[in-house]
Amino acid sequence: MAKGFILRGELNVEFRSSAVYAQQAANWFSGCLTVFEKEIQEILDGPALDPRTIRGGVPCGAPGALWGFCQVTTRGARGLRATTKVISEANLAWFHTALGAGVFSASVGISRIGENGSPETRLARIAAEREEDVDSWVRLGCEFPQESIVDKGFQDRFLKFLKDTAAGLNPAFGHIAYNYTVGKTALEEVLGPPWLLPEDTLPESRTYLRGYGWLTVCPQELADRLGGAAELRATGAFHEVEELAEGGVWLLATPDFDAYDQECTARVWGALAPVIRPGKPKQFSEEAGHPPLPVVYEDPARARGVAGSE
């Protein structure tokens with residue numbers, strides 16, 4: 001696997017009411033912040049962060065130190081309004097209270113400060129994001145450097161958190177993959193025209209799988225079309241196949257992220273092809289600074305003699 005890119009762990013869920021969404025978001029942040037407990041504690045134990053750094057123009061702190069923010073976005077008569085504060089004990093308490101009261105979206109970011117006094121290396125960005133045009137869906141996401149997952153301890157903590165969270169949500173999709181434009185999957189980056197955004201694919205994610213990769217959380221509706229967990233296990237494409245308590249199947253291709261290569265991608269694609277969004281991906285020249293695109297450049301509708309994924 002290429003090195004030096006940002007990874008994204010994500011779960012997609014529908015919510016039935018504002019109260020349900022508030023609880024989902026609160027649980028997501030509580031769990032994610034536990035994964036990054038060491039980094040949060042380092043900020044809290046260090047010098048108090050200057051609130052003026054939110055607006056820029058002043059150094060965020062000493063080079064090498066950690067800096068972080070928490071943000072909530074609310075929707076009112078005049079549209080969306082974001083409130084952002086630096087991380088502190090009081091501001092984290094404010095953030096959790098705001099989550100419980102109901103917000104449109106929320107995020108927490110942690111970065112290491114560079115030599116120029118500005119945040120330079122992103123260590124985490126945790127978010128509960130909604131699309132205005134598909135208001136009943138939430139993307140629960142966490143971004144972190146690829147180097148983090150090389151740490152077996154971090155990988156195990158994050159996988160456990162994500163699996164435990166997914167088990168209680170009946171997700172419509174989930175994955176850990178490279179972070180692409182506006183939270184697209186690798187498949188969505190190359191499938192088109194028409195070029196699709198998550199706001200287009202979310203409402204259909206129980207009909208077509210948004211993507212596939214090292215970790216794929218397959219919704220129950222699509223897992224059933226594939227024969228369920230037993231049939232998915234029998235393909236031999238996955239290191240772990242586990243049914244989730246509230247619906248869906250957890251599919252981990254290899255024990256470690258770095259072991260996931262193009263050969264693994266092909267096996268995963270072959271196992272999931274009947275439910276992957278149809279269409280032949282477009283192959284582009286690799287660009288420096290852009291994450292790899294571990295996809296199979298074939299139309300899944302043609303796999304195994306399947307005429308389509310209806």
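A residue counts as buried when its relative accessible area is under 20%, and C60, at 10%, therefore falls on the buried side. That cut-off will be handy throughout this tour of a predicted model.

**Helix α1 against α3**

- Helix α1 covers residues 18–35 and helix α3 covers residues 89–101; the two pack at an angle of about 155°, with axes 7 Å apart.
- That angle makes α1 roughly antiparallel to α3, because angles over 145 degrees are counted that way.
- On the α1 side, the residues that meet α3 are A22, A25, A26, F29, S30 and L33, and their partners in α3 are F95, H96, L99 and G100.
- By residue class, this contact between α1 and α3 holds seven nonpolar and three polar residues, with no charged ones.

**Helix α1 against α5**

- Helix α1 also packs with α5, here at an angle of about 170° and with the axes 10 Å apart.
- Again the result is a roughly antiparallel pair, α1 with α5.
- From α1, the contact uses W28, G31, C32 and V35, while α5 brings F154, R157, F158, F161, L162 and T165.
- The residues of the contact of α1 with α5 divide into seven nonpolar, two polar and one charged.

**The nonpolar core and W28**

- The largest nonpolar core has 90 residues, and within this core W28, F158 and L272 touch the most other members.
- In soluble globular proteins, nonpolar side chains tend to be buried together.
- Leaving aside residues up to four places away in sequence, W28 touches G9, L11, I126, A127, L140, G141, C142, F161, L162 and T165.
- T165 has a relative accessibility of 17%, so T165 counts as buried.
- With residues up to four places away in sequence set aside, T165 touches L11 and W28.

**Cysteines**

- A search of the whole structure turns up zero disulfides.
- The closest cysteine sulfur to that of C60 belongs to C70 and is 14 Å away, which is too far for a bond; a disulfide needs the two sulfur atoms within 2.5 Å.
- C218 is likewise in no disulfide, and the nearest cysteine sulfur, that of C264, is 18 Å away.
- C218 has 0% relative accessibility and so counts as buried.

**The loop between α6 and α7**

- L191 lies in the loop that runs between α6 (186–190) and α7 (198–201).
- Is L191 buried or exposed? With a relative accessible area of 8%, L191 is buried.
- Which residues does L191 touch, not counting residues up to four places away in sequence? They are L196, R277, P278, G279, K280 and P281.
- L191 and G102 are 89 residues apart along the chain, and 35 Å separates their C-alpha atoms.
- P193 is in the loop between α6 and α7, and the peptide bond leading from G192 to P193 is cis, with omega near -5°.
- P194 is found in the loop between α6 and α7 as well, and a cis peptide bond with omega of about -5° joins P193 and P194.

**Positive phi angles**

- Most residues other than glycine have a negative phi, and most peptide bonds are trans.
- N170 is not a glycine, yet has a positive phi of about 50°.
- N170 belongs to the loop between α5 and β7 (173–178), and at 24% relative accessibility N170 counts as partly exposed.
- V182, another residue other than glycine, has a positive phi near 45°.
- V182 is placed in the loop between β7 and α6, and a relative accessible area of 53% makes V182 exposed.

Conventions. Residues numbered from 1 in each chain as written. Predicted model: local features only at pLDDT ≥ 70, side-chain atom pairs only at ≥ 80, totals over all residues. Heavy atoms only, no water. Axes fitted to C-alpha atoms, helices over the stretch in contact; angles between N-to-C directions. Helix = DSSP H or I, 4+ residues; strand = E, 2+ residues; numbered from the N terminus. Parallel < 35°, antiparallel > 145°, perpendicular 65-115°, else oblique. Contact = heavy atoms within 4.5 Å. Nonpolar A, V, L, I, M, F, W, Y, C, P; charged D, E, K, R; others polar. Core = buried A, V, L, I, M, F, W, Y, C linked by side-chain atoms within 4.5 Å. Buried < 20%, exposed > 50% of the residue type's maximum accessible area, 1.4 Å probe, protein only.
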